Amino acid sequence: MIEPARPRKRLLSERSPSASHRRARLVERIDYAPDLALFRFLPEEPLSFMPGQYATLEVPAPDAPRKLLRRPFSIASAPHERHLDVLVELSEDGAFTPRLWDMDDGAEVMVHRRVVEPPVRERAGPRRRHVMAATRTGG
């Protein structure tokens, strides 16, 4: 039996927003150290999220531009802000973060419409105090 052909993954520039994705344009990068930067993206439409959630970004793979790499990043901007900020530590051996470091203002990424991980306070029940710790995300 012949299996149906899989649809090919399109280049980022060829991808159109869908029910599951939206485009976001890099509008600013703030370097805090050679390997730590804030990337500010402007999504083509507002992103609805609550503090503590993360967004999944996609960029073309370096060796296969038709393949998209996906990574989750904690959202560093406030829910009322129009832009999407992510604080990223460069992983020089990684596949994703070097792609971000190579981007110029105006470059586009795809962002999943669905942000995930409900805030801890929503899942914690009656508890009022929480201890939270963070590490790097991406890679």
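**Note on the predicted model**

1. Start at the surface. Tyr32, Leu36 and Leu87 together form a nonpolar patch there, with about 280 Å² of accessible area between them. Keep in mind that this is a predicted model.

2. Leu87 sits in strand E5, which covers residues 84–89. Its relative accessibility is 42%, so Leu87 counts as partly exposed. The cut-offs explain the label: buried means under 20%, and exposed means over 50%.

3. Now the overall fold. The protein chain has 2 helices and 6 strands. Read from the N terminus, the order is β-β-β-β-β-α-β-α.

4. Next, the contacts in the chain. Consider those between residues at least 6 apart in sequence. Of these, 63% join residues at least 24 apart.

5. How much of the chain is buried? The protein chain has 139 residues, and 35% of them count as buried. The accessible surface of the chain comes to about 9,100 Å². Carbon and sulfur atoms account for 50% of that surface.

6. Gln53 deserves a separate look. Gln53 lies in the loop that runs between strand E2 (36–43) and strand E3 (54–60). Is Gln53 buried or exposed? Its relative accessible area is 12%, so Gln53 is buried.

7. What does the side chain of Gln53 reach? It reaches the backbone nitrogen of Met50, at 2.6 Å.

Technical notes. Residues numbered from 1 in each chain as written. Predicted model: local features only at pLDDT ≥ 70, side-chain atom pairs only at ≥ 80, totals over all residues. Heavy atoms only, no water. Helix = DSSP H or I, 4+ residues; strand = E, 2+ residues; numbered from the N terminus. Buried < 20%, exposed > 50% of the residue type's maximum accessible area, 1.4 Å probe, protein only. Contact = heavy atoms within 4.5 Å. Areas by Shrake-Rupley, 256 points an atom, 1.4 Å probe, with all protein chains shown as cover. Patch = residues over 30% accessible without salt bridge, like charges linked within 9 Å, V, L, I, M, F, W, Y side chains within 5 Å. Salt bridge = Lys/Arg side-chain N within 4 Å of Asp/Glu carboxyl O. Polar contact = N/O pair within 3.5 Å; in protein donor to acceptor, adjacent residues only side chain to side chain.
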